[in-house]
Amino acid sequence: LTTAQMAALTEKQVQALTTAQVSSLTTDDLTALTSKQLNAMTTEAVASLTTAQIVALTTEQFAKLDVEQISAMTTAQVAAIETADIQALTDKQVAEFSTATVVALTSDQVAALTTKQIAKMTTAQIAAIETGDIAAMSTATLSAIPVKSLVALDTAQLAALGSDQIQALTSKQIVALTTDQVAGLGTDDLNALTTEQISKLTDKQIGALTTGQVASLTTEDLTALSSKQIVALSTDSIVALTTGQAAALTTAQVAKLTEEQLAAIETADVAALTTDAVASISDRSIDALTTAQLGSDQIQALTSKQITGLTTDQVAGLGTDDLNAFTTEQIAKLDAKQVAALTTAQVSSMTTEDLTALTSKQIVALSTDAIAALTTAQAGVLTEDQVAKLTNDQISAIETADMAALSTAAISSIAAK
């Protein structure tokens, strides 16, 4: 038959063509068929088309194929469809692709898919896109993937995404990522997320971050985490923080750290915290830190409530330099139990200003060993009121040289007892 004769065939006649007849048609004969004629072909006839014939089909002809005909196409046929023809397919036609057909798509074909087509693809189809092909998708089509389908992507597919693609993910898509998907992100992929995207991660997603991921966060991303997100970090993640990251933590973030998280912070990282950050730690959580972790500047930054929140072990663990870093006002905030916990080395190292700042209640709380440890210089500055409050056991503990150093007024207060 000539091309003109082919074009004259009725739809019933076209439908009657055998697979052998269809596969023998020239490309000119095939392209001469109207959309209605082509639409009349049986699914078997469509499946018999050669790849050369597939390439020859016009965009208009492709657009008119029904879903049954599309479903009948082989993977080889689909792989032969030109990108312009791929774009001409309706979203319903694309939705009829089998997962095997999706696997057969070339990177160029996947890149040619429109946002409407992607949005209508099934979860199984999205999951079937090969890693090399998903990397070829435009940022627009990637952001068009439905949330329910995005969660079907495996870690290898997500890892194939480029920085631009990662940044194109919408807030809804970010929130929908499973904990396994989040944990599977490479550090480069995680760092490709914008600060806004990072702030959208749920508590569970934050909790799923690996130590490697947390350690790779930029200070900008870390400081963008909300108080709820910070609390969601695992203790292992807290341990993984670098000193640079620790130094960047805001006062609001540090104030929300749990006791377990505070206890997990490494000594070098605690030392990197700003004095304002240390001062923001609640008095109920301050006991999670060891005094060995705090530097002199940080100790001086402790608030009155934090001072009273220190345990006796923490107080006793203060180095003499750290104790001397306390201001007179801070010393005055120590309660009787804390004063009683002071070691002899700590007491003998106290400045005369700090010693004279002790209240009568604090003086009485000093152990007899602490009294015995006083230097003659310290004994010489004890006030009349302080000495008057000393117990008999404490007075007995004062060494002879120290007793001689007491002022006459202080001696008189003893005599008055």
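**Exercise 1.** Leaving aside its neighbours within four places in sequence, which residues is Leu-30 in contact with? Place Leu-30 in the secondary structure and classify its burial.

*Solution.* The model is a predicted one.
- Step 1: Leu-30 sits in helix H4, which covers residues 27-32.
- Step 2: Beyond four places in sequence, the contacts of Leu-30 are Leu-25, Leu-38, Met-41, Leu-49, Gln-53, Leu-57 and Gln-61.
- Step 3: The relative accessibility of Leu-30 is 0%. Buried means under 20%, so Leu-30 counts as buried.
- Step 4: For a distance along the chain, take Val-175, 145 residues apart from Leu-30; their C-alpha atoms are separated by 49 Å.

**Exercise 2.** Is Thr-141 buried or exposed, and what is it in contact with?

*Solution.*
- Step 1: Thr-141 belongs to helix H18, residues 139-143.
- Step 2: Its relative accessible area is 3%. The cut-off for buried is under 20%, therefore Thr-141 is buried.
- Step 3: With neighbours within four places in sequence left aside, Thr-141 is in contact with Leu-113, Thr-114, Thr-115 and Ile-118.

**Exercise 3.** Where is Leu-366 found, and which residues is it in contact with?

*Solution.*
- Step 1: Leu-366 lies in the loop between helix H44 (360-365) and helix H45 (368-373).
- Step 2: Leu-366 counts as buried because its relative accessibility is 4%.
- Step 3: Apart from neighbours within four places in sequence, Leu-366 is in contact with Val-339, Val-347, Leu-358, Ile-371 and Gln-394.
- Step 4: Gly-317 is 49 residues apart from Leu-366 along the chain, and 16 Å separates their C-alpha atoms.

**Exercise 4.** Which residues touch the most other members of the largest nonpolar core?

*Solution.*
- Step 1: The largest nonpolar core has 114 residues.
- Step 2: Within that core, Met-41 and Phe-326 touch the most other members. Met-41 is also among the contacts of Leu-30.
- Step 3: Outside four places in sequence, Phe-326 is in contact with Ile-299, Leu-302, Ile-307, Leu-310, Leu-318, Ile-331, Leu-334 and Asp-354.
- Step 4: As background, nonpolar side chains in soluble globular proteins tend to be buried together.

**Exercise 5.** How many cavities of 30 Å³ or more does the structure hold, and which residues line the largest cavity?

*Solution.*
- Step 1: There is one cavity of 30 Å³ or more.
- Step 2: The space in the largest cavity is about 30 Å³.
- Step 3: The lining consists of Ile-371, Leu-374, Ala-379, Leu-382, Leu-390, Ile-398 and Asp-402.
- Step 4: By class, this lining has six nonpolar residues, no polar ones and one charged.
- Step 5: Ile-371, one of the lining residues, is also in contact with Leu-366.

Note on methods
Residues numbered from 1 in each chain as written. Predicted model: local features only at pLDDT ≥ 70, side-chain atom pairs only at ≥ 80, totals over all residues. Heavy atoms only, no water. Helix = DSSP H or I, 4+ residues; strand = E, 2+ residues; numbered from the N terminus. Buried < 20%, exposed > 50% of the residue type's maximum accessible area, 1.4 Å probe, protein only. Contact = heavy atoms within 4.5 Å. 1 Å grid on protein atoms, 1.4 Å probe; cavity = no way out; pocket = protein on both sides within 12 Å on 5 of 7 lines; lining within 4 Å. Points joined across faces, edges and corners; volume = space filled by probe spheres on them. Nonpolar A, V, L, I, M, F, W, Y, C, P; charged D, E, K, R; others polar. Core = buried A, V, L, I, M, F, W, Y, C linked by side-chain atoms within 4.5 Å.
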